[in-house]
Amino acid sequence: MKAKCFHYWCLFCSAMLLLCLLSLLGFILYRGVPTLSLSLYFGDTEPLKGFLGQAPIWDGIWPACVGTLAVVASALMIALLPGLATGIWLATAKTSKTKALLELAVDILAGVPSILMGLFGFTLILLLRNTLLPSANTCLALSAFCLAMLIIPYLAVSTRTALQALPVSLSLTALSLGMTQWQALRFVLLPQAERGIRGGIMLAIGRAAEDTAVIMLTGAVANAGLPGGIFERFEALPFTIFYYSAQYQSEAELQMAFGAALTLLCLTATVFSIANWVTRFPGRNH
């Protein structure tokens, strides 16, 4: 009887979670879909010139879309190798004090609020400005670095968990067939753990794409235009949503916030789909 009640309780909780998710998505679609138009993205600027960066865009969110893609891609490039390497080492290394300290550091870093990471980046710029680089300022590179620090634990933990979940017999069989530990890892363990690792990468992309606190303190500003370089300030969709929803002066600006929210949702879903397609590409060699 208790098991049956628990089963129904789990079904109820799952149904409520799904209902909340569908309600949220439905509300964003209801408010965001009517705003979708070329003017939402390019304002009064000619779309082709705005798309190519030949004319400034003052009342559209296209620069924020480009800035979001740029900062997420940069953060992922910085974090991917250290995150995966850390997870592999934690999963394969023997128990030691060094391993215990690194696991503790990863767990602490995973629990750090994003606002603290943003303050770290802002403090770093102040330190550089007062010591080595008087001209240092908040920029896309700083935002990408802080976001990378934020998502490295997600990559490390997901990689470690995926590898540790594999049967020990896989590694033993590979070693008994004459493979070295590196060969067993490269040709047996990592391909088998690929789904879990891919899930961690997806989670890291989503975490970087939705964060507002970090980029707000390290480089994102309103009306910055298309990113002029990694050492320039930029626009991003999370900051645009916050800016318009918190300081809107008219109904049109509030509608832009809903349009930006729907765009961010679609952009994240597109990035997830592309990443999933790339990892499943049939031409890969395992």
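At what angle do the axes of α4 and helix α12 cross?

**The whole chain**

You're looking at a predicted model. Show the protein chain as a cartoon and you'll see helices, 13 of them, with zero strands. Read from the N terminus on, the elements go α-α-α-α-α-α-α-α-α-α-α-α-α. The C-alpha atoms fill a box of roughly 70 × 65 × 40 Å along the principal axes. Of the 286 residues in the chain, 37% are buried. Take the contacts between residues at least 6 apart in sequence: 70% of them join residues at least 24 apart.

**Stop one: α4 and α12**

Now for that opening question. Select residues 62-92 for α4 and residues 237-247 for helix α12. Their axes come within 8 Å and cross at roughly 135°.

On the α4 side, pick Ala64, Cys65 and Thr68; on the α12 side, pick Leu237, Pro238 and Thr240. Sorted by class, this contact has four nonpolar residues, two polar ones and no charged ones.

**Stop two: the largest nonpolar core**

Next, go inside. The largest nonpolar core has 41 residues, and Leu147, Ile215 and Phe234 are those with the most contacts inside it. To find the helices that give two or more residues to this core, colour α4 (62-92), α6 (114-130), α7 (140-164), α9 (181-192), α10 (194-210) and α11 (213-218). The largest share, 12 residues, comes from α7. In soluble globular proteins, nonpolar side chains tend to be buried together.

Zoom in on Ile215. Leaving aside residues up to four places away in sequence, Ile215 touches Ser143, Leu147, Ala220, Phe234, Ala236, Pro238 and Phe239.

Another core, of 15 residues, lies apart from the largest one. To locate this other core, select some of its members, among them Ile57, Ile61, Leu237 and Ile241.

**Stop three: Thr218**

Is Thr218 buried or exposed? Select it in helix α11 and have a look. Thr218 has 0% relative accessibility, so it counts as buried. Show its side chain together with that of Ser143: a polar contact of 2.7 Å joins the two. Beyond residues up to four places away in sequence, the ones Thr218 touches are Gly118, Gly121, Phe122, Thr138, Cys139, Leu142, Ser143 and Cys146.

**Stop four: Arg160**

Move to helix α7 and select Arg160.

**Last stop: Pro113**

Finish in the loop between α5 (97-110) and α6, where you'll find Pro113. With 41% relative accessibility, Pro113 counts as partly exposed. Pro113 and Ala213 are 100 residues apart in sequence, yet 9.1 Å apart in space, going from C-alpha to C-alpha.

Conventions: Residues numbered from 1 in each chain as written. Predicted model: local features only at pLDDT ≥ 70, side-chain atom pairs only at ≥ 80, totals over all residues. Heavy atoms only, no water. Core = buried A, V, L, I, M, F, W, Y, C linked by side-chain atoms within 4.5 Å. Buried < 20%, exposed > 50% of the residue type's maximum accessible area, 1.4 Å probe, protein only. Helix = DSSP H or I, 4+ residues; strand = E, 2+ residues; numbered from the N terminus. Contact = heavy atoms within 4.5 Å. Axes fitted to C-alpha atoms, helices over the stretch in contact; angles between N-to-C directions. Nonpolar A, V, L, I, M, F, W, Y, C, P; charged D, E, K, R; others polar. Polar contact = N/O pair within 3.5 Å; in protein donor to acceptor, adjacent residues only side chain to side chain.
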